[in-house]
Amino acid sequence: MWGGRKLSSSGNRFLGVLRSRCWGTQAEGARLTSSAENQVSWTPQTKPRVFSEYRIMWFKSYRMTFACLNRMKIYRYPWRRLYSTSQTTVDNSEIKTFLALAHRWWDEQGVYAPLHSMNDLRVPFIRDNLLKTVAHHQPGKPLSGMKILDVGCGGGLLSEPLGRLGASVIGIDPVDENIKIAQHHKSFDPVLDKRIEYRACSLEEMVEETAETCDAVVASEVVEHVIDLETFLQCCCQVLKPGGSLFITTINKTQLSYALGIVFSEQIAGIVPKGTHTWEKFVSPEKLESILESNGLSVQTVAGMLYNPLSGYWHWSENTSLNYAAHAVKSTGQEHPVPAEFVFKGETEELRDKDSTNPGLQEELKK
Amino acid sequence: MAGRLAVSRWRAAPSAAGRGPLLSCRRWSGAKADTVYDVVVSGGGLVGAAMACALGYDIHFHDKKILLLEAGPKKVWEKLPETYSNRVSSISPGSATLLSSFGAWDHICNMRYRAFRRMQVWDACSEALIMFDKDNLDDMGYIVENDVIMCALTKQLEAVSDRVTVLYRSKAVSYTWPYPFTMADSSPWVHITLGDGSTLQTKLLIGADGHNSGVRQAAGIKNVSWNYDQSAVVATLHLSEATENNVAWQRFLPSGPIALLPLSDTLSSLVWSTSHEHAAELVGMDEEKFVDTINSAFWSDANHTDFIDSASSVLQSVVGFLRPTKVSARQLPPSVARVDARSRVLFPLGLGHAAEYVRPRLALIGDAAHRVHPLAGQGVNMGFGDVSSLVHHLSAAAFNGKDLGSMSHLTGYETDRQRHNTALLAATDLLKRFYSTSAAPLVLLRTWGLQATNAVSPLKEQIMAFASK
């Protein structure tokens with residue numbers, strides 16, 4: 001727990017600096033609590049740069065583990081959602097941690113703020129790459145007609161924007177509470193209610209019934225929690241239609257990700273509770289690529305993502321040594337997989353050519 | 001002064017006294033109504049209707065449901081009335097671009113408008129003047145009657161009625177705001193109760209209901225405002241003889257600025273801001289006396305003093321020496337012969353600026369966010385600028401599948417517009433105060449200042465560019 005943890009001197013200094021900076025937020029916090037009693041008053045929403053406080057809903061265990069979490073919003077690291085391919089590998093203590101935070105999913109300035117702001121990167125990434133595969137799309141509903149499987153959907157942070165863009169989304173997560181929260185959140189929007197379906201299950205349980213039906217599978221911030229990466233990616237591939245897309249965002253396995261993601265976030269700043277991440281489970285893009293290729297998925301794009309904790313925004317980057325996003329396409333059978341290229345805006349013509357030859361080839365195969 | 005108007009995100013919990021009907025509103029629990037509108041625009045004036053139109057024609061809003069609430073009746077014209085309306089607006093090129101982006105400008109062109117190419121602004125207490133014009137004599141702006149703009153917007157709204165629903169004679173009486181974060185069973189949407197008792201739900205409420213905005217008051221947003229001790233008198237004037245009439249004239253009298261805006265070859269619109277007593281007098285006096293007063297206001301040099309005249313001619317000769325082409329001779333506006341019956345109206349003036357333009361699921365545009373003196377002709381242009389900016393941000397958010405009421409893009413709109421509007425508001429207020437006096441030192445200062453600004457073309461171009469956005 002926080003009190004019992006031994007901090008280095010630099011950590012103490014860092015905390016001291018932050019505490020003095022946070023002092024102003026205590027006054028705001030008092031205002032917040034008093035105004036919360038007035039049901040009708042509006043409580044301030046603040047930009048990520050300003051510290052916000054949530055004294056109202058405070059679980060004891062949460063406070064102990066995340067004492068500094070809410071006061072130190074400077075260095076935020078993306079929150080990982082728990083995923084595992086089988087129920088027996090789920091870690092109960094991690095479940096408890098996530099359960100304590102389950103109600104926080106939809107607080108845009110809260111614990112999951114980095115995930116909310118990551119949508120600014122991942123939704124266009126998914127949308128633009130999917131739009132390349134269609135000749136024309138409906139304005140207002142660019143993804144309409146597409147079936148997307150969101151693996152490890154958590155509270156539905158990514159499922160909802162995809163649903164708003166017109167796609168039919170199935171969101172799955174092994175944590176029941178997350179599915180309940182996601183279900184509850186979408187129930188208020190009649191349009192989303194029809195387009196999104198949530199299920200508390202694992203990917204393997206889905207494979208039989210959804211084999212080769214999805215236009216896209218999204219596994220965002222998931223593969224670094226999976227026990228058996230190869231089986232997981234194999235299942236993703238099975239669920240995809242030929243020519244379907246797989247989108248993955250995760251963390252690279254480098255010295256930098258160890259330094260920032262484990263040492264700094266967990267041990268020094270206490271942003272992420274100790275033991276949430278195992279550096280050994282981080283996946284490098286090269287390893288990911290080799291597994292994807294061996295499963296018949298050809299990697300189209302790998303792009304680095306960088307989080308600026310001061311502004312709270314994510315940016316695309318050439319550097320993939322921390323976070324990165326990958327887009328792979330399932331081969332259509334007779335096609336040779338396109339060699340991996342690190343391109344940002346893909347080769348539209350190439351893909352279109354490929355697609356146009358597909359039906360021709362498939363007809364030939366049938367004969 | 002700009003400091004007072006500038007953004008400070010101080011949000012003290014509003015006092016219960018200012019709550020009004022909201023105190024009795026309960027949080028909506030559980031019950032889910034049939035339609036959740038994506039955007040509701042409260043207020044169907046020039047800016048509100050333009051907002052609804054712009055969203056309705058936006059490509060990324062094809063799947064969305066938009067509602068416009070207007071308390072008044074629908075204004076329909078079978079054909080354009082012959083008499084010109086007395087309420088006109090000076091539309092900047094930027095606003096014209098916005099209006100043409102959803103096809104309303106074409107309707108305006110088919111009805112009537114007047115382009116002006118030059119603007120002369122001069123002082124009553126001295127010879128100083130400033131002449132604005134574009135190098136190639138392009139249109140600097142357009143004078144359009146408010147009714148004509150409204151009609152064009154209504155026509156465009158009708159054309160897109162599958163996406164935009166307009167409710168006339170509907171006034172919102174109370175609003176219920178969502179909690180900052182989701183709590184069990186509380187609706188995350190804004191609920192609006194109308195006068196007839198029906199309720200609406202929306203993901204984003206846009207307040208465009210004028211300077212006494214009900215939306216702004218219900219949200220408890222602080223508003224910095226004060227009333228000027230001035231009222232504006234408007235009228236439609238007939239000129240003595242037909243002229244090309246493509247110049248806008250404005251003279252700063254000690255009592256307030258008087259402006260003549262071209263409407264046609266023989267007609268011009270008057271906007272005269274003056275003290276309340278004088279304004280009442282002007283509206284009451286008989287036609288001949290009124291016309292004489294206007295003419296002498298533009299022509300008379302009674303307020304000139306020898307001291308100021310000689311001081312200004314000194315600077316004038318210096319400017320003439322340094323930049324001979326930049327000396328502008330003072331021209332006189334066309335003389336007025338008659339005034340349209342029943343076209344004389346007055347309305348009070350004031351300044352206002354909301355401390356925050358946005359809250360979660362709420363945005364303020366137009367006069368609800370800012371109210372300005374008409375001396376710079378910027379009021380509705382600032383509102384149209386708000387519309388442009390907000391539509392740009394909402395469109396990008398919709399294309400990213402974002403929740404429309406999310407603060408992340410609303411704060412982008414607020415930052416954009418507060419920067420622009422605060423500067424303009426401060427400048428206009430400063431100008432108004434500066435020109436309200438006939439004390440010699442200040443007159444001298446402003447005389448020299450105006451002459452110097454007139455001589456420095458880059459500065460003039462900057463001013464024009466800022467005002468035409």
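In this predicted model, the UniProt annotation "binding site", taken from an unreviewed entry, covers A:Glu221, A:Glu224 and A:His225. A:Glu224 is placed in the loop between S4 and helix H9 (229-239) of chain A, and A:His225 is found in the loop between S4 and H9 of chain A as well. Are these residues buried or exposed? A:Glu224 counts as buried because its relative accessibility of 3% falls under 20%. A:His225, with a relative accessible area of 4%, is buried by the cut-off of under 20% too.

| Residue | Relative accessible area |
|---|---|
| A:Glu224 | 3% |
| A:His225 | 4% |

Strand S4 also belongs to an open sheet of eight strands in chain A, with the order S3-S2-S1-S4-S5-S8-S6-S7 and mixed pairing. At the edges stand strand S3 (196-199) and strand S7 (313-317) of chain A, each of which pairs on one side only. On average, neighbouring strands of this sheet are turned by 20 degrees against each other, direction ignored.

Within chain A, strand S1 (residues 147-151) and strand S2 (residues 168-172) pair in the parallel sense over five bridges. Here A:Leu149 stands opposite A:Ile170 in S2(A). Helix H4 (residues 113-131) of chain A lies across several strands, including S1, strand S4 (214-220) and S7, and runs at about 40 degrees to S7(A).

As for confidence, the model scores ipTM 0.83 and pTM 0.80. Chain B averages a pLDDT of 87, and 91% of the residues score at least 70. Over residues 2-33 of chain B, however, the pLDDT is below 50; this stretch has 66 contacts in the model beyond near neighbours in sequence. Where pLDDT is low, the predicted coordinates should not be read in detail.

Technical notes. Residues are numbered from 1 along each chain as its sequence is written. Chains are lettered from A and ligands numbered from 1 in the order in which they are written. This is a predicted model: local features need pLDDT of at least 70, side-chain atom pairs count only at pLDDT 80 or more; totals for chains, interfaces and linings use all residues. Side-chain values use heavy atoms; hydrogens and water are left out. Two strands pair if DSSP finds at least two bridges between them. Helices (H or I, at least four residues) and strands (E, at least two) are DSSP runs, numbered from the N terminus. Axes are lines fitted to C-alpha atoms, for helices over the stretch in contact, and angles run from 0 to 180 degrees between N-to-C directions. Contact means heavy atoms within 4.5 Å. pLDDT is the predictor's confidence in each residue, from 0 to 100. UniProt positions are given in the numbering used here, feature names are shortened, and annotations may be inferred rather than shown by experiment. Buried means under 20% relative accessible area, exposed over 50%, partly exposed in between (1.4 Å probe, protein chains only).
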